[in-house]
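Biologist: Before we use any terms, I would like to hear what they stand for. Please take them one at a time.

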Amino acid sequence: MDPDLVPAGGRGDRLQEAIDAAVGGDEILLNPGTYRENTYYHIDGKVLTVRSLTGPADTILDGSLSQDWTLLWSFGSTTAGPVVEGLSFKHGAHDVYPLKIYRGNSTVRNCVFEDNASDPGSGVPAVVDRGSAAFIDCRFSRNTDGAVTVSRGSASFERCLFEDNTGRATLTASAIGTPSHSISLTDCIFRGNVRTPGLGSGGGAISLGHQGLSLQIDRCTFVENDAGSRGGAIHRVWGGAGGWVRNSLFVRNTATQGGAIALEDGTTLDISNSTFVDNTGRAIWQENSQSTVTNSILRNNGPSEVQGNVAITYSNVMGGSAGTGNIDADPMFVDALNDDYRLLASSPCIDAGDTGFWAALAATTPEPLDLLGFARAGDVAAVPNTGFSVLGMTVDMGAYERPALCLGSW
Ligand SMILES: [Ca+2]
């Protein structure tokens, strides 16, 4: 099928014409330019690819004249797979939602959601409603009503950056009792996002509600997010269960309760091989909830490391913690002043984790890698194995595994 090439500049109306004329499987290519109209572009029930020729820096869907949405996808099927790639979504304001995915199964790749200046509570840049979406290599910056809302749907995020968003939580999700729905994040960064006080109950970066919504966070970094109230990085409420956080870093996030993570109302969360440093409001705070922490580092999170019934094992906890394998010692980070939380050769966290736990994960999932993508199957021969070993290998505590062969000054 020949692609429909849509010219730029002053002829933005051609985009809707191209969509209307397209059939399933077509690819609509956008020339560089700013597409701005007093309407919205809508794709109803067609499986299309909408892609820029030159990338998101100069191909912009501008919502400043739009009505309700800038680009709307609506599908009756839950298996259809449209793709949007290489676009920027900007300047949605008031009640405009720059991208809405309603039903269907969509992929959003190499897109930018930036400077959407809605009043808090009125216009999230990307909305997934009853469908599912995979966001890959996307960036969400300086939006003033959060970044993504997943409502009764599922979403995955891979290599996405969420930076300096304000308003409601940067990523908000709820399932309302539909157990197959999920949020997964891999290799994502949340930095400097701030939840505006008064807009809901918390979550500087991520807010999750309702039972049945599963959560998977792997190799993600949360730095300087601020919830004001609860859950500087993550807030989970209303019976959310079965989620996990692995190989992730939480630094200088702030909240009244749960500087990094807050759990309440019967939620659970399993945390492993993660590093929590300098969060204000404790690393983990929970109420009527149950989390587990293993193979992790919790240091200098004020006023204490955790509050509530947190089951901690094989972790380095400042002030100490009851539980098998826990230690309380300087973790010997490479350069904490410059946010380098890898482990020096002298670190007591090396070969001090529970490898049985890690091996059980590795047996059922792709091999868990550390935050930098290093294999966890690295044992430092010169360091005594103080943790639980499997086949002579011992996993480290924290988000970073020290490789068996470590070259250079590190
Ligand atoms: Ca090791």
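Modeller: Two strands pair if DSSP finds at least two bridges between them. Strands (E, at least two residues) and helices (H or I, at least four) are DSSP runs, numbered from the N terminus. This is a predicted model, in which local features need pLDDT of at least 70, side-chain atom pairs count only at pLDDT 80 or more, and totals for chains, interfaces and linings use all residues. Residues are numbered from 1 along each chain as its sequence is written.

Biologist: What makes β26 and β30 a pair?

Modeller: Strand β26 (residues 234-236) and β30 are joined in the parallel sense over 3 bridges, and a pair needs at least two, so they count as paired. Within β30, Ile261 is the bridge partner of Ile234. β30 is also joined to strand β33 (residues 284-287) by 4 bridges, again in parallel. There, Leu263 stands opposite Gln286 of β33.

Biologist: Which residues of β30 point one way, and which the other?

Modeller: Ile261 and Leu263 point one way from β30 (residues 261-264), Ala262 and Glu264 the other way. In a regular strand the side chains alternate between the two faces of the sheet. All four of these residues are buried, that is, 20 or more other C-beta atoms lie within 10 Å of their own, with the C-beta atoms placed from the backbone. A residue with 12 or fewer is exposed, and one in between is partly exposed.

Biologist: How do you know that β20 pairs with β17 and β23?

Modeller: By the bridges again. Strand β17 (residues 154-158) and strand β20 (residues 182-186) share 4 bridges, and β20 and strand β23 (residues 214-218) share 5. Both pairings are parallel. Glu158 has Thr186 of β20 as its bridge partner, and Ser184 has Gln216 of β23.

Biologist: Why are β3 and β38 called edge strands?

Modeller: 12 strands form an open sheet with parallel pairing, in the order β3-β6-β9-β12-β15-β18-β21-β24-β28-β32-β35-β38. β3 (33-35) and β38 (316-317) each have a single partner strand, so one side of each is left without a neighbour in the sheet. Inside that order, β6 (residues 59-62) and β9 (residues 88-90) pair over 3 bridges, and Ser88 in β9 is the bridge partner of Ile60.

Biologist: What puts the buried residues of α2 on the same side?

Modeller: In helix α2 (residues 355-364), Thr355, Phe357 and Trp358 are buried. They cover an arc of only 155 degrees around the axis, which puts them on the same side of α2; the arc is that of the directions from the helix axis to the C-beta atoms. On the other side, Ala360, Ala363 and Thr364 are exposed.
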